[in-house]
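Q: Could you take a close look at one site in this model, and then describe the packing in its wider surroundings?

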Amino acid sequence: MTILTAAPITASAIGPQLPRAAEVVRAFTTSPDDDLHPVLVVAAALGIEHRLHVGVDAIVGDPRADDPVVAAAARTACMRDAACAVLIDRIDRWAAIEFAEGKAGVLHTESLGQLIERMVTVWMRGQALADSRVGASDPRVRLASAQLGELGAAYDDLVTDLRLGRRRLPVLQTPTGPDRTV
């Protein structure tokens, strides 16, 4: 199983603005393209990882699946989680460089990567419901849509506040990647 990686995010590769929430959500359905904003490249890779994870979750949750198949799927799920953690860390490292000057603002409770990870998780829940042909009036569909809207608004507000120096991102993150000691 291949873990998707994108080119390293560097301060020299950034544009004057972070992408808006709608662009981040659109990136979940695209292939990582190095011509995109670096955050969108990683968001696209996160979208792929989450789609792969759904298939693995279906196997793990299948009561008819053989134990060796479930065990292999569980190992794959751990690999998918590790790949997502690496991607989240890439966004956070980029943001730490990009917003290093913003020490005066109020501390935000989560990193940019963590917020984008929550967005892709809710987006994927909505996609899984759509794939299962659940109707748009289903409360779970409406909930996923409302949650994604709220997360998108929170992301856009954070981006604005970061640019204006009203908020800053946490510096000390709990390591989530494969090497949890860094």
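A: Pro 32 is partly exposed, with a relative accessible area of 35%, a class that lies between buried (under 20%) and exposed (over 50%), using a 1.4 Å probe and protein chains only. The model is a predicted one, in which local features need pLDDT of at least 70 and side-chain atom pairs count only at pLDDT 80 or more, while totals for chains, interfaces and linings use all residues. Residues are numbered from 1 along each chain as its sequence is written, and side-chain values use heavy atoms, with hydrogens and water left out.

Pro 32 sits in the loop that lies between α1 (21-27) and α2 (38-60), helices here being DSSP runs of H or I with at least four residues, numbered from the N terminus. Once residues up to four places away in sequence are set aside, Pro 32 touches Val 41, Ala 44, Ala 45 and Ile 48, where contact means heavy atoms within 4.5 Å. Leu 46 is 14 residues from Pro 32 in sequence, and their C-alpha atoms are 9.3 Å apart.

Leu 112, leaving aside neighbours within four places in sequence, is in contact with Leu 18, Ile 91, Asp 92, Trp 94, Ala 95, Tyr 155, Leu 158 and Leu 169.

Terms used. Helices (H or I, at least four residues) and strands (E, at least two) are DSSP runs, numbered from the N terminus.
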